[in-house]
Amino acid sequence: MKNLGKLRLGVNIDHVATVRNARGSAWPDPLRAALLAEAAGADGITAHLREDRRHIRDADMSALKAGIGIPLNFECAATEEMARIVLETRPHAVCLVPEKRTERTTEGGLDVAGDEARLRDYIAPLREAGARVSMFIGHDPRQIEASARIGAAVVELHTGHYSDLHAEGREDEAAAELAALARGAALAHSLGLEVHAGHGLTYDNVAPIAALPEVMELNIGHFLIGEAIYLGLEEAIREMRRRMDEARGS
Ligand SMILES: CC(=O)[C@@H](O)[C@H](O)COP(=O)(O)O
Ligand SMILES: NCC(=O)COP(=O)(O)O
């Protein structure tokens with residue numbers, strides 16, 4: 001098998017905070033989870049400060065930035081409030097995502113093409129502050145081209161639809177969605193964008209995404225935090241890493 005090179009794994013610790021907030025207590029602590037993830041070989045920590053603060057809170061972001069020794073990827077909606085917090089926190093990376101208050105999870109990709117001028121202005125100070133700015137988008141070529149035009153460094157392709165189809169056993173549709181993600185990754189790479197992917201990835205569905213040659217980083221959270229109940233967080237991450245490396249031939 002051809003060695004496609006190492007794929008980075010960003011571990012999303014949002015749902016440690018979901019469990020904490022369910023009780024209104026101080027534990028489990030997302031920072032402790034992030035440090036265990038780092039010890040298990042995660043290449044970065046991802047955390048999503050939602051506008052409604054349903055899981056990660058402002059204080060978690062500053063604690064993560066101060067406490068971890070690997071890059072922090074700050075996911076947020078493209079609002080003025082979030083820009084202010086990002087500029088205070090100074091994360092390594094910012095990933096802009098669409099948000100709806102009533103959604104259970106991030107349902108689709110950001111509409112970069114439909115909000116191009118505003119997003120170009122929005123990311124300028126973030127870029128000047130040294131953040132690697134990423135757009136969390138679907139595989140639609142219009143969204144990929146718009147992300148390149150506004151000066152984003154990265155696109156993270158939303159794998160949620162692929163993951164849902166795979167989980168429902170709709171193999172033909174999952175294969176078609178995977179092919180569209182592959183075309184999107186190739187287009188993004190050809191435009192000079194770094195390509196990441198994530199959402200809904202599990203041990204069972206990660207290999208075909210990890211094997212896309214242009215993809216440099218996966219961000220995985222919900223499944224790993226759930227699997228940690230059975231295996232412990234470090235072992236859950238190591239097993240994901242093993243499957244990613246196997247798919248990559250690395
Ligand atoms: C943008 C993304 O895919 C993750 O941040 C995800 O949104 C986290 O989980 P929730 O969608 O459940 O907040
Ligand atoms: N950007 C995707 C992400 O961070 C993790 O999504 P999920 O694995 O929690 O579904």
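Colleague: Leaving aside neighbours within four places in sequence, which residues is Glu75 in contact with?

Modeller: Two residues are in contact if their C-beta atoms, placed from the backbone, lie within 7 Å. This is a predicted model: local features need pLDDT of at least 70, side-chain atom pairs count only at pLDDT 80 or more, and totals for chains, interfaces and linings use all residues. Residues are numbered from 1 along each chain as its sequence is written, while chains are lettered from A and ligands numbered from 1 in the order in which they are written. With nearby sequence set aside, the partners of Glu75 are Thr46, Ala47, His48, Cys95 and Val97.

Colleague: Is Glu75 buried or exposed?

Modeller: Count the other C-beta atoms, placed from the backbone, within 10 Å of the residue's own: 20 or more is buried, 12 or fewer is exposed, and in between is partly exposed. Glu75 has 28 such neighbours, so the residue counts as buried.

Colleague: Which residue in β4 stands opposite Glu75?

Modeller: Strands pair if DSSP finds at least two bridges between them. β3 and β4 (residues 93-96) run parallel and share four bridges. There, the residue opposite Glu75 is Cys95.

Colleague: What is the handedness of the β-α-β unit made by β3, helix α4 and β4?

Modeller: Point the strands away from you: if the path from the first strand over the helix to the second runs clockwise, the crossover is right-handed. β2, α3 and β3 make a unit of this right-handed kind. For β3, α4 (residues 80-89) and β4, the handedness is also right-handed.

Colleague: Which residue in β3 stands opposite Ile45?

Modeller: Ile45 of β2 stands opposite Val11, in a parallel pairing where three bridges join β1 to β2 (residues 44-48). β2 is also joined to β3, by four bridges and again parallel. In β3, the residue opposite Ile45 is Leu72.

Colleague: Which residue of β8 is the bridge partner of Leu9?

Modeller: Four of the five residues of β1 (residues 8-12) are buried, so β1 is largely enclosed by the rest of the structure. Four bridges join β1 to β8 (residues 215-220), and the two strands run parallel. The partner of Leu9 is Leu218.

Colleague: Where does UniProt place the feature "active site"?

Modeller: UniProt positions use the numbering given here, feature names are shortened, and annotations may be inferred rather than shown by experiment. The unreviewed entry places "active site" at His48, Glu75 and His199.

Colleague: Is Arg50 buried or partly exposed?

Modeller: The unreviewed UniProt entry lists Arg50 under "binding site", along with Asp14, His15, His55 and Thr105. Arg50 touches His55 and Glu99, leaving out residues up to four places away in sequence. With 19 other C-beta atoms within 10 Å, Arg50 is partly exposed.

Colleague: How many charged residues are in the shell around ligand 1?

Modeller: A residue is near a molecule or strand if its C-beta atom, placed from the backbone, lies within 6 Å of it. Ala, Val, Leu, Ile, Met, Phe, Trp, Tyr, Cys and Pro count as nonpolar, Asp, Glu, Lys and Arg as charged, and the others, Gly among them, as polar. The residues around ligand 1 include His48, Arg50, Glu75 and His199. By class, the shell has two nonpolar and six polar residues, and its charged residues number three.
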